[in-house]
Amino acid sequence: MSGRSVEVTLTKAGRTKIRYPAEVLAEEGARLSVRAPWAAGGVRDFGFVRFEPGDVFVEHYWRDRWFAVKEVRAADGALKGWYCDVTRPAVIDGSRVVVEDLDLDLWVSADGSEVLRLDEDEFAASGLAASDPEAAARTVAALDALEALGREGLLDLLGPARWEGHGVQGD
């Protein structure tokens, strides 16, 4: 399975947010891990981290979990940290990976000193709590669980057995 190419598509509110090629590193049960270069044009400076050309993302997607975890490395291989997207479970179909962004995100710096919940205002404004209360509850629970993992320093331990018992369960 490793070495094959897939196209990752991130959607938001029914529209494609970004689409990019990635190389499959591993596929284990419900999890798919891929590697992709920084896909957006130019530099994106968030204040707490800069994503820029040359950065490499090792991205982990699950068919049964409400998030994606992206390990971010600089061109020289130095770990910048982990960017976590709260999403509906990924749809992984042959050469395509499609994930729906549910607005909430988490950043964990490489040294673990920063664990930042992001875009809570966007999530509140999305109306998901009113239109799909079950999905909204799963979204908040996923962010809470990811934050706990980030604070415990466990985001780099992506083996499924390591996640059990940490509030990050499948459907």
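Is Asp 103 buried or exposed, and at what relative accessibility? At 8% relative accessibility, Asp 103 counts as buried, where buried means under 20% relative accessible area, exposed over 50% and partly exposed in between, with a 1.4 Å probe and protein chains only.

The model is predicted: local features need pLDDT of at least 70 and side-chain atom pairs count only at pLDDT 80 or more, while totals for chains, interfaces and linings use all residues. Residues are numbered from 1 along each chain as its sequence is written, and side-chain values use heavy atoms, with hydrogens and water left out.

**Stop one: confidence**

Colour the chain by pLDDT, the predictor's confidence in each residue from 0 to 100. The mean for the chain is 89, and 90% of its residues reach 70 or more. Helices (H or I, at least four residues) and strands (E, at least two) are DSSP runs, numbered from the N terminus.

Return to Asp 103, which is placed in strand S10. Its phi is positive, about 80°, although Asp 103 is not a glycine. Most residues other than glycine have a negative phi. Now select Asp 119, in the loop between S11 and helix H1 (120-126). Phi of Asp 119 is also positive, near 65°. With a relative accessible area of 24%, Asp 119 is partly exposed.

**Stop three: the largest pocket**

Select Leu 10, Lys 17, Trp 38, Arg 44 and Tyr 83, which lie nearest the centre of the largest pocket among its 24 lining residues. On a 1 Å grid over the protein atoms alone, a pocket is an open set of points where a 1.4 Å probe fits, with protein on both sides within 12 Å along at least five of seven lines; lining residues have an atom within 4 Å of a point. Strands S1 (5-12), S2 (15-28), S3 (31-37), S6 (56-62), S8 (79-87) and S10 (96-109) each give two or more residues to this lining. The pocket has a volume of about 510 Å³, the volume being the space filled by probe spheres set on the points, which are joined across faces, edges and corners. Its lining has 13 nonpolar, no polar and 11 charged residues. Here Ala, Val, Leu, Ile, Met, Phe, Trp, Tyr, Cys and Pro count as nonpolar, Asp, Glu, Lys and Arg as charged, and the others, Gly among them, as polar.

The structure holds 11 aromatic pairs. Rings of Phe, Tyr and Trp (its six-membered ring) pair if their centres lie within 6.5 Å; planes under 30 degrees apart count as stacked, over 60 as edge-to-face and the rest as tilted. The ring centres of Trp 38 and Phe 51 are 5.3 Å apart and the planes stand at 55°, so this pair is tilted. Trp 38 lies in the loop between S3 and strand S4 (44-45) and Phe 51 in strand S5 (residues 50-51), so the pair ties together parts 13 residues apart in sequence. Trp 38 is buried at 17% relative accessible area, and Phe 51 is buried at 3%.
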